[in-house]
Amino acid sequence: MQHLVSACFVSAALLVVPAASQTLPAPPPAEQPGLQYDAEFYDAAAHDPEVSTPERLLGIRGGQRAATHAEIMSCFQTWERESPHLRTVRYATSYEGRELFYAIITSPQNMTRLEEIREGMSRIADPRRDDGSAARLARELPAVAWLAYSIHGDELSGSDAALLAAYHLASSTDDAIEQMREDLIIIIDPLMNPDGRDRFIQQIQQHDGHVPNGSAASIVHHGYWPWGRTNHYLFDLNRDWIFGVHPETRGRIDAIKRWHPLMMVDCHEMGGLDTYLFSPSRAPVNPNLPARRLHWWEVFASDHAKSFDVYGWRYYTGEWNEEWYPGYSSSWAGFRGAVGILYEQAGVAHHGMERPEGTVLTYRESVHHQYVSTMANLKTFHTHHRQLMEEFLVERRAVLSDDNPVAQRMFAVLPTKNAGRLREFVSLLDLQGVEVYEIGSEMVADATDHLGQHVDAVAFPEGTLLIPNRQPEGALISALLEFDPHMTPDFLQTERRSLLRRGESKLYDVTAWNLTMMFGLHAMEVEGDLPADARRYSVQTGRVGLHGDGSDVAFVIDAADDNAVIAAARLMELGRRVRVAEKPFELDGRAFERGSFVINMIDNPGGDRDVRADIETVCGQLLVSAYGVGTGLGAGDLPDLGGEHFMLLERPRIALFGRGMFDPYDYGSTWFTLDHRMGMRATYLNGDFSGSFDLRPYNVLIMPGAWGRVLEEHELSELRDWVRGGGTLIAIGSTAARLAGEDGIGDVRVLSDALEDLDAYEQVVLREWAGRHETVDAAAVWSHATTSVSYPWQEAPDRPSLDELEVRDAWQQIFMPQGAMVAGRVDDEHWLTPGIGDVLPVLAGRGPVLMAGEGIDAPIRIGAFIADRSNDQQQTEPERVGWSRLPEGQRLHVRMSGLLWPEAAHRLANSAWVTRQRVGNGQVILFASSPTFRGSAAGMTRVLMNAVVCGPGCGASQPTEPQ
């Protein structure tokens, strides 16, 4: 109490110290030339004096510094009260509780009929609803422009330009702006990532000094881990448009879908020493993008360039900016009918940045660039808006016509017991405005599968989902669901030559993203029209929760549904004992899949009713069922509940490493999976101090990929001891490669370090194949005479010398993919693979090629074996693909979708996507690439979920105990 009184006395005394004495006076900084930028943004335009200027509201000149989310929101709220031309609409709330909104700017007359205008745009967008008025509406309705800013939180200037543009458009009394408001609905989304922006502004403030610093290397211009680019869970929201994972994206998609804008601006920043980029993009261009977009890019770019030439500003188009991945803001909008336009301003976070030519680019000037771009594009859009409206109607009609080359194409998703995953997939398509149908009886049609195989007369069962291309969002559907779009031969040649000359790819992002592959759903492309009995699909959730009565000896949650894993984890967190089945089984006449979870009543003493209540609550929340069984006796030779095939799980006690050199994207997607998707408790550790933690409280450690070297020898030594004591260590990407080194943990190696031992690795692959497919000649086995023996590696050609192998490996590394979908063949007995299927689409990049030899599990290897049914007697397949011989009569399919050079396919073939090795009493699980990629890879993510929830019980013994 005495200390408390003293502390209060001191605090009170401090309150009366004169303000002047609290801060020592700082000498004025030396003047830095170039930091003043006094250009006027509005060219002396007249404005309504009743509408407050940004300067009045912010207390600074417009664009002088970055405004916070609260300041931006306050400005728009004030203008909504003061101007009849502006209205705000809330469309989402971020994870950190910040509201996202857009502002509608138009004439007062248009404001009174916004619903009528939106309904009219919907009629144009869907010609099936045309009652004869669509052509007239295209001639008469105001056209909609959507202007979006700063989806990357540390790209600041866009949002401040949005403030200045909104003020001008809402308050200007000039005739040109008045006419624009009459003819257009201008929608401004001023801040697409409020959490990231405010995080970055805080980082700037924390490092801002009295003296401005213009160095491009200053932390003021860059920030620090995790920087401000991403949202709360560290996701790049400008990759989320096709996946719709986050509330910011989902709200935006829903809003844009309702308005059907015909122009969408996406305002960004890039490296501070660059200049300014705007559309058009260069090759490769996604082949599903309507061709007229390329024409309009040129029209808008011509006017854009003229607006910059007035000031003598430098700019460029194309160069690094390609148009293949459809998940960027402006790219995604292009498939929906808009002219998507990208801005990229050289990023200056604060004050100004010194440039190599001796000039200084101030923050205010960067805002000016963005403002001028906005107004230039709006002017062009206004000039051509009527033609764009009419073309939009023609384009939508063409999608539904028989002349559309893909009008007869449908994507079929076969029925699955994984109800949770299917719900999520259908929910995403519904969000995107895509119609899904269900067939009421069997349908027979020719089809093409994920591996590119054409299959005649496939019998699609009742309940198959069909997504036809012949619907209004046909272009977007093709972009999202087409299995294997191809780049042009000209671009392939350009890309290959660039790789060979400079080791540089011309591709900016992943080249594969097919949604059915990302979700791990069995899908096929089908030619034909919807069958007569097809009906619009709506998700039907049957009775979930607990099914049983008081005589049940156990409850079973089938592993087919991803949510079953989450249910098991939550029940363990409630203190319930849960077992997992390593084989399929049947009890009380109901069959359950391998990996299903069993809650035995005898394992959970102390209140039958409480156990049932916990199961009922958890399963109800997750929309899964727990089935009661009245006997532990399995059918026939199938497992009995009391046997060895039901392993008792250990509650996961998880720690996830972040910060330091760990990749914030990989950390963020793993964190999101644990925290948001699975609702699991985890401790998040600072990787800067990875050698200073007591790891004994945890039995699962997850180490994401890294951007540099992680784990020094003393840290590895501590991890080895922890693993040997019973821990489950999970490492991803480059961190997995670190553990696979000679001085790592365990015996997994990367390909470059395993070239001397390829024969041994080849034998393991052939043995795995034989273990699953070998047939027995019983007569030879029981023969008294000794018969001949053959070996699967016999007659294999001699390998090149080690020197030659090293040269080839170095050559193959040049061609490793930016991100291509490859086929993962699945071990159908391993505890890591329930809920996966026989072939798992895996996104492969430039990460490690993992080699699993004798004594190491490889639950998923790259490449699917397909029976070679070719009648051609000539040998068409090499005897070896990469470093391993093919089993007799098999072909190896590696590539599923995206650009994968043959050299890279050979390098990846038969390598392990995930490995598991026992080390002491614990285990090490390595992933070659991120299983939680962009929070959207449900199939790959299931493997991580299995590892986290089942690992402490299935793969480790005597798990590390909490202290």
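This report walks through salt bridges, a charged patch and some strand pairing in a predicted model.

**Salt bridges**

Searching the whole structure turns up 64 salt bridges. Here are some of them, with the gap between N and O atoms.

| Pair | N to O distance |
|---|---|
| Asp 38 and Arg 61 | 2.8 Å |
| Asp 131 and Arg 123 | 3.9 Å |
| Arg 895 and Asp 484 | 2.7 Å |

Take Arg 895 and Asp 484, whose side chains form a salt bridge. That pair ties together distant parts of the chain, 411 residues apart: Arg 895 belongs to strand β40 (residues 895-897), while Asp 484 sits in the loop between α16 (474-481) and α17 (489-502). Arg 895 is partly exposed at 32% relative accessibility, and Asp 484 is partly exposed too, at 23%.

Over at the other salt bridge, between Asp 131 and Arg 123, Asp 131 is exposed with a relative accessible area of 55%, whereas Arg 123 is partly exposed at 23%.

Some charges go beyond pairs: a salt-bridge network links Glu 155, Arg 229, Asp 236, Arg 239, Asp 509 and Arg 934.

**A negative patch**

Which residues form a negative surface patch? They are Glu 582, Glu 644, Asp 827 and Glu 829. Glu 829 lies in the loop between β32 (820-826) and β33 (839-844). Its relative accessible area is 63%, so Glu 829 counts as exposed.

**Strands around β25**

Strand β25 (residues 625-629) runs parallel to β19 (residues 545-547), joined by 3 bridges; here His 547 has Tyr 627 as its bridge partner. β25 also runs antiparallel to β20 (residues 554-557), with 4 bridges, and Ile 557 is partnered with Ala 626.

Note on methods: Residues are numbered from 1 along each chain as its sequence is written. This is a predicted model: local features need pLDDT of at least 70, side-chain atom pairs count only at pLDDT 80 or more; totals for chains, interfaces and linings use all residues. Side-chain values use heavy atoms; hydrogens and water are left out. Patches are made of residues with over 30% relative accessible area and no salt bridge: like charges are joined within 9 Å, nonpolar side chains (Val, Leu, Ile, Met, Phe, Trp, Tyr) within 5 Å. Accessible areas come from the Shrake-Rupley method with a 1.4 Å probe; for residues, only the protein chains shown count as cover. A salt bridge is a side-chain nitrogen of Lys or Arg within 4 Å of a carboxyl oxygen of Asp or Glu. Lys and Arg count as positive and Asp and Glu as negative; His and the chain ends are not counted. The place of a charge is taken as NZ of Lys, CZ of Arg, CG of Asp or CD of Glu. Helices (H or I, at least four residues) and strands (E, at least two) are DSSP runs, numbered from the N terminus. Buried means under 20% relative accessible area, exposed over 50%, partly exposed in between (1.4 Å probe, protein chains only). Two strands pair if DSSP finds at least two bridges between them.
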